[in-house]
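Have the structure open as you read.

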Amino acid sequence: MALKKDSNALDNKQEKSQNEDTPLLELTNLEKKKEIESQPLELSKGNDNENGFLEFGFNQSILNSLRNKGYKNPTPIQKAAIPELMLGRDLLGQAQTGTGKTAAFALPLIEKLSDNNELNAKVLVMTPTRELATQVAESFKSYSSESSNFKTVAIYGGTDYRNQISALKRKVDVVVGTPGRIMDHIRQGTFKIKDINCLVLDEADEMLNMGFLEDIEWIIDQLPENKQMVLFSATMPSEIRNIAKKYLNDPAEILIKSVKKETQLISQKFLYVQRHHKLDALKRILEINNEGVIIFVRTKLLTNSIAEALENSGHTVAVLNGDIPQNQRENTVDRLKKGFINILVATDVAARGLDVERIKLVVNYDFPFDKETYTHRIGRTGRAGRSGEAILFVNQREKHFLRNLENSTRTKIEEINIPSNKIINEKRMEKLIENVSESSLAKDENEENKALIVDVLDSLKEKYSMDDSNIAMAAINLVIGNKSFFVDEDDSWIHKQNNTDRNRSNRNSNNRMRNSNRRNNYQNDSFETYKFNFGKFDGIRVANIISSICNSTNINGRSIGKIQIFNDYSLVDLPRDLHKETKNKLKKIKVRN
Ligand code: AMP
């Protein structure tokens with residue numbers, strides 16, 4: 001297919017249907033649907049001598065593995081879903097990650113398969129990304145760790161087929177995978193699906209966003225007709241309700257009203273920053289908080305350049321993007337968990353489902369594309385009942401996106417300033433004092449070191465005639481090192497910017513015309529419009545274009561801008577800084593063959 005760049009970047013509004021807040025009523029009557037308030041997960045840990053999981057009648061192996069994991073009580077979604085799934089009912093659940101939804105479907109499925117000795121898989125779980133597939137498979141493995149002969153296999157793209165094929169040849173109970181790779185294995189006959197009696201669609205809305213609808217339907221059509229169906233989605237746009245209507249049979253419905261609860265532990269902030277000052281602003285933010293940070297950016301290219309810049313400033317940083325091989329990603333997440341890395345620079349898809357408790361700060365370096373992306377990003381902090389902070393970078397042109405975001409999440413995002421030299425220097429001073437006072441405590445704990453220190457002190461006093469205060473000063477000097485301790489870079493831009501932004505913000509609040517111009521400018525800056533020579537006459541739909549672009553390149557569905565389909569051509573807004581190789585791949589993409 002010929003490809004040409006079109007200079008007309010157009011007013012952007014992605015044609016993907018959102019409608020996420022529509023309630024489930026169309027499918028059900030009110031009595032049938034369970035609406036449940038989520039609660040912080042730490043409450044589910046409960047007292048030592050109680051076990052809220054006993055009521056479900058799980059076998060001892062499952063209870064043992066739950067005890068090993070420290071789970072004492074089921075979360076609200078587990079309380080509601082487990083009895084229904086144990087009865088073999090279909091289930092439609094609206095719940096986000098962080099609510100315990102994985103265990104909600106995994107535990108009853110493991111229980112039902114506890115005596116399974118057959119070779120072919122019985123359960124298929126479909127997830128939008130390889131990260132989530134790995135995570136869900138890991139959950140199945142840990143919940144079944146005490147159940148002998150229970151096997152879970154993960155199959156996802158970006159890794160070699162051979163290991164997956166040989167795992168699928170052996171006895172398997174549960175297969176967890178991404179749609180593309182599942183299709184490949186079904187087509188090649190390496191994944192035998194004739195005995196599948198339960199299908200779970202996890203994060204179904206995300207799969208749709210990524211253009212997987214046709215693939216999902218294809219897979220469902222291949223599976224045996226008689227099966228239990230479980231569908232979990234964070235939001236309920238009309239496409240999801242349609243899938244539910246089409247494939248689920250009298251499902252139990254559960255709505256976990258968790259968004260507010262989940263995010264309320266996270267303090268949400270924004271700061272105004274012009275594009276050319278973003279990196280500097282980021283470094284200043286990291287002066288205040290740099291242990292357990294995720295920085296979200298829009299492109300892979302940016303993940304690398306920002307990580308490099310931060311590394312040069314002395315931070316321990318890693319990158320998580322679609323180009324990083326799977327095993328390396330797992331290793332990175334592990335190192336982040338263990339504290340060998342403090343800062344992760346990531347793209348949205350790569351960080352989906354990431355569950356690391358020590359994340360204290362999420363920086364939205366690039367503005368998220370929609371409310372779901374924002375909620376997902378900030379949900380990487382405030383895990384397991386801990387508090388966290390999220391900071392959103394906003395430039396002049398993104399101000400109206402900020403207002404939309406506040407409206408759609410019904411949250412007031414508090415404005416903060418970029419830390420000035422004065423604030424940073426105060427913080428450095430505070431940290432130095434803290435470090436010195438902490439190390440005086442630590443010293444008491446190690447007798448050997450204590451003896452060494454006493455020896456050093458004695459010889460400083462005897463040989464060099466130093467008194468206590470001289471020695472203390474010299475020691476602190478040693479901690480500070482040779483570099484100048486205080487920042488003295490020109491920070492006048494911060495003060496200027498804060499004033500200008502506030503003035504502009506006031507001037508513009510009554511001026512809708514200007515806002516809409518700004519939106520156009522914003523789009524011009526971030527996207528380029530590409531022209532493809534297929535259109536309505538070829539029977540093309542928006543979903544076809546998204547899925548072809550996502551499947552043929554590394555571009556993720558969320559970063560695709562406006563799509564316009566005309567009779568014999570289509571215009572698609574794509575991120576401005578695409579790699580040459582990606583552009584070449586775009587030239588060759590096929591839509592519906
Ligand atoms: P999920 O929503 O499935 O991504 O789960 C979020 C986190 O909650 C994971 O770290 C789980 O290990 C944890 N979790 C799930 N169920 C429980 C429970 N009943 N008690 C304590 N933690 C749980």
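Which backbone oxygen lies 2.8 Å from a polar atom of the side chain of Thr375? That would be the backbone oxygen of Lys371. A polar contact here is a pair of N or O atoms within 3.5 Å; within protein, one must be able to donate a hydrogen and the other to accept it, and residues adjacent in sequence count only if both atoms are side-chain atoms. Thr375 sits in helix α15 (residues 371-378); helices are DSSP runs of H or I, at least four residues, numbered from the N terminus. Thr375 counts as buried because its relative accessibility is 12%, the cut-off being under 20% with a 1.4 Å probe and protein chains only.

A word on the source: this is a predicted model, where local features need pLDDT of at least 70, side-chain atom pairs count only at pLDDT 80 or more, and totals for chains, interfaces and linings use all residues. Residues are numbered from 1 along each chain as its sequence is written, and side-chain values use heavy atoms, with hydrogens and water left out.

Now to the ligand. There are 16 residues around it, with Tyr71, Gly98, Gly100, Thr102 and Asp355 coming nearest; being near takes a heavy atom within 4 Å.

| Residue | Ligand atom | Distance |
|---|---|---|
| Tyr71 | oxygen | 2.4 Å |
| Thr102 | oxygen | 2.6 Å |
| Gln78 | nitrogen | 2.8 Å |

Taken alone, the ligand exposes 490 Å², and the protein buries 88% of that (Shrake-Rupley areas, 1.4 Å probe). Helices α1 (42-45) and α4 (101-112) each supply at least two residues of the shell.

Definitions and conventions: Buried means under 20% relative accessible area, exposed over 50%, partly exposed in between (1.4 Å probe, protein chains only).
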